[in-house]
Amino acid sequence: MAWTVFFILSFLCIGSVAAMILSRNQAHNALFLVLSFSSLGGLFGLLDAPFAAAVQVLVYAGAIMVLFLFAIMMFNLRGELPVRVKKARLALTAGLGMFLLAELFLAGRKLVLGGAGVAPAAGGDTARLGHFLFSDYLYAFEITSLLILAALVGALALAGRKEGA
Amino acid sequence: MIPPSAFFAVAVVLFVLGVLAFFVKKDLLTQFMSVEVMLNAGNLAFLALAKSLGKAEGQVIVLFVITVAAAEAVIGLAIIVLVFRQRKTIQTDELKDLKG
Amino acid sequence: MAELFWLIPLIPGGSSLLLVLFGTKLSRRWVAWQASSAVFLSLLLSAAAFVHLIRLPPGAPGLSKTLLAWISSGHFVSPITFAFDQLTAVMALVITGVGLLIHVYSTAYMSEDRSYARYFAHLNLFTFFMLVLVMASNLVLMFVGWEGVGLCSYLLIGFWFDRPAAAKAGMKAFVVNRVGDAAFIIGILFLLVQVGGSGFAAINQAAATGLLPSGLATLAAILLFVGATGKSAQIPLYIWLPDAMEGPTPVSALIHAATMVTAGVYMVCRLSGLYAASVPASTVVAWIGAATAIFAATMALVQNDIKKVLAYSTISQIGYMFIGCGVGAYAAGMFHLVTHAFFKSLLFLAAGSVIHALSGEQDMRRMGGLKKHLPVTFPVFLVGALAISGVPFLSGFFSKDAILTSAFAGGHYVLYGLGLLGAVMTAFYMFRLVYLTFYGEERMTPQAGHHIHESPRAMTIPLVFLAAFSILAGYVGLPVLFGGKADLFGRFMEGSVKTVTHHLAVSTEGLLVVLATAASLLGIALAFLFYRRTPALPGRLASLFPGIYRLLVGKYYIDEVYDAVAVRPLIRGAEMVYERFDLKVIDGALNGSAAAAGLAGKGLNFLQSGLVRDYALAFLIGAIIFLGFLLL
């Protein structure tokens with residue numbers, strides 16, 4: 001049963017990214033990615049990380065991609081320009097991609113040895129997460145909130161100005 | 001249970017696809033999106049590792065990554081908006097000043 | 001005073017350096033005085049050393065001083081050591097004595113030339129190198145002097161370098177000399193390897209004791225002699241000397257008559273031990289000398305330029321000197337060298353006087369009747385002509401007789417015959433010159449003849465000195481005929497060269513003397529017949545034997561042969577190398593590296609295309625490589 005879900009979710013995830021590559025319409029691209037990220041959230045859940053799954057769907061699929069969609073709508077680009085990728089370059093990129101794939105597989109083979117994995121400790125996953133966040137990683141946590149603030153202010157400063165007057 | 005290596009494989013494929021998407025696409029916005037894809041693939045890999053080693057730190061990192069990615073997306077988009085305002089285009093081929 | 005003998009080369013050398021650096025800023029008077037005084041000082045020192053040598057008991061070593069260790073590499077040791085023995089004394093006195101007279105002569109002869117200082121700088125430099133050559137105690141140092149005089153010869157022949165003929169003549173002299181020097185160097189190397197050093201004493205010793213096997217001795221001796229044929233203008237490398245007449249006449253007198261060209265003779269005498277040990281080499285020396293003597297004399301018979309006659313005469317006379325050395329009579333060869341230095345430089349300088357009087361005319365067909373116009377030049381010229389012709393009681397008679405007698409006594413009858421024949425020809429062409437120049441009707445062009453005047457005292461006084469020496473110098477080397485003790489020269493020279501002594505009956509010697517006298521008188525008589533009594537005779541003979549005449553006038557076409565066989569192929573070869581190698585490979589490499597740099601730049605251009613995509617590609621490749629490293 002879990003395998004079925006896994007395959008469906010993986011297929012959705014990878015398939016939508018592939019579709020994103022092939023599609024030329026920007027809005028379509030964004031929507032495909034929304035699908036991809038959502039299924040990714042499902043995959044997170046399969047990995048015994050419910051909190052991460054929830055955050056993924058809420059933040060990534062729900063907020064970041066929506067931002068992208070806003071941006072697309074703002075640019076209001078008409079149609080798409082012809083793809084002028086040279087064959088040679090395409091071949092080169094594909095080749096390099098294969099290479100990278102192989103390398104990464106090789107790298108991961110040692111680390112993730114196909115074991116079933118260890119079941120999470122008792123006490124609930126989220127509780128444990130919170131415990132980590134507010135003790136060992138407190139510093140990082142606080143910095144992150146500052147980071148978000150900085151990003152907010154920065155975005156306003158950058159793009160808040162109107163053209164002309 | 002599903003072995004974490006399967007998830008790791010998915011993560012790797014996702015990452016490579018993200019790289020390919022970055023090189024194939026010609027507009028800044030879509031390229032930026034493919035960067036997000038790569039980040040997500042990284043997240044998946046982290047979680048797979050967390051599961052396989054039994055440590056919860058992996059999930060903490062994932063949380064942080066998502067947060068930072070959000071901040072980065074905000075700033076990145078703001079910059080793209082600025083570029084669009086100046087150059088009236090976001091096709092990367094046209095966004096070059098060097099005459100090389 | 002004699003201990004300061006090592007200064008003898010250095011004084012003219014220093015003067016030359018000063019003239020090179022400051023000559024153009026000095027007045028002409030100063031230059032003349034400085035250059036001449038330098039040589040004069042060397043003369044004084046040479047005389048002092050000479051006197052010292054005379055007073056030495058027989059068998060005592062000569063003076064020697066090492067200035068610098070110079071080359072010291074394992075077994076090969078070649079210090080800068082000057083030595084002064086009897087042989088060196090003779091050469092040094094000739095060089096500085098005749099050199100001084102010629103320096104004085106030049107102060108007047110070159111007085112109107114614009115490069116006065118350069119002339120004397122070169123002349124002093126030549127004196128320096130020539131003295132180094134004769135005072136060296138080993139072959140390597142001698143070779144330094146050898147090359148140095150070759151350089152000065154080139155500089156002085158081409159003194160008027162804006163004349164193409166002079167420039168070419170200078171080149172020819174240098175290149176031909178170089179060919180000889182190549183053989184010379186190989187000879188030195190053989191001796192170095194076998195004897196372990198290049199000191200003359202060592203070499204002569206090795207040859208005598210058998211340390212130097214006779215085959216190797218022969219090889220080295222012949223190789224060195226080939227170098228001598230270049231320097232002393234013998235067959236086959238004599239071709240540069242006639243052309244060298246393009247230089248100023250005092251230069252011809254000093255370098256191409258008295259000193260540089262005799263360096264080969266000096267070398268053979270210095271290595272007398274080596275040559276005495278090798279009969280084949282000595283034979284080669286004698287025969288080349290004899291062949292050259294005859295060969296050059298035949299060409300002198302038909303030359304029309306007064307200096308060219310003297311040039312061929314020089315070649316011929318040096319051949320005599322080599323005959324002397326070749327038969328083992330090294331002292332006789334040296335004796336002739338000394339007397340020849342006197343009368344040949346006298347003849348050249350006097351010819352210079354004639355040319356000066358005729359405002360530059362050198363063709364004898366346009367001279368004549370100068371006897372009454374040149375009251376000093378004519379008598380001294382006559383003295384020189386008589387001396388070289390071997391007329392009795394003048395110096396040339398004694399020295400030539402010494403050589404011919406030694407040849408006869410050694411059993412080399414053919415050489416003796418050739419020498420005698422040469423004597424006839426010598427007398428003939430010399431008096432041909434005298435009659436054409438000084439006697440008969442005046443055939444000069446108006447512009448040559450409008451201002452015939454005797455030369456200034458600075459020119460005529462050296463001539464008188466040289467004439468005096470040409471008469472008196474013979475008396476130091478009287479033949480045994482006049483008493484066994486009479487041969488002062490020969491006995492003096494025994495200190496440094498091995499001479500084969502000959503024992504002839506007095507009557508035989510007397511007969512040889514008579515024959516020699518007859519030969520010279522015959523030559524003079526024939527010249528009188530041809531050029532005074534029946535002036536039409538030469539023309540008739542020429543038309544009777546046109547082929548021979550043309551051959552002689554054309555100098556046997558040797559120059560043309562050399563040109564076709566050696567010079568042209570060499571130039572062709574050099575051009576080919578230039579085109580194939582110099583232009584394509586070396587220039588190509590240079591241009592190629594520039595082009596490569598350009599290409600590299602262009603190739604790396606894509607790294608800075610301005611496109612984000614390309615930069616990202618670079619990232620990717622870098623990441624892949626990095627991952628690869630981590631994996632491995």
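Predicted model: local features only at pLDDT ≥ 70, side-chain atom pairs only at ≥ 80, totals over all residues.
Local features need pLDDT of at least 70 and side-chain atom pairs count only at pLDDT 80 or more, while totals for chains, interfaces and linings use all residues. Residues are numbered from 1 along each chain as its sequence is written, and chains are lettered from A and ligands numbered from 1 in the order in which they are written.

**View 1. Chain A against chain B.** Contact (C-beta atoms, placed from the backbone, within 7 Å) joins 68 residues of chain A to 60 residues of chain B. Helices (DSSP runs of H or I, at least four residues, numbered from the N terminus) that give two or more residues to the chain A side include α1 (2-22), α4 (87-111) and α6 (138-159). α3(A) gives the most, with 14 residues. This side of chain A holds 53 nonpolar, 12 polar and 3 charged residues. Here Ala, Val, Leu, Ile, Met, Phe, Trp, Tyr, Cys and Pro count as nonpolar, Asp, Glu, Lys and Arg as charged, and the others, Gly among them, as polar.

**View 2. Chain B against chain C.** The contact takes 9 residues from chain B and 10 residues from chain C. The chain B side has 4 nonpolar, 2 polar and 3 charged residues.

**View 3. Helix α5 of chain C.** Residues 139-157 form this helix.

**View 4. Helix α18 of chain C.** Residues 413-438 reach 37 Å from first C-alpha to last, close to the expected 38 Å. α18(C) is mostly covered, with 21 of its 26 residues buried. Just after α18(C), Gly440(C) takes a positive phi of about 75 degrees.

Definitions and conventions. Expected span 1.5 Å × (residues − 1). Contact = placed C-beta atoms within 7 Å. Buried ≥ 20, exposed ≤ 12 C-beta atoms within 10 Å, placed from the backbone.
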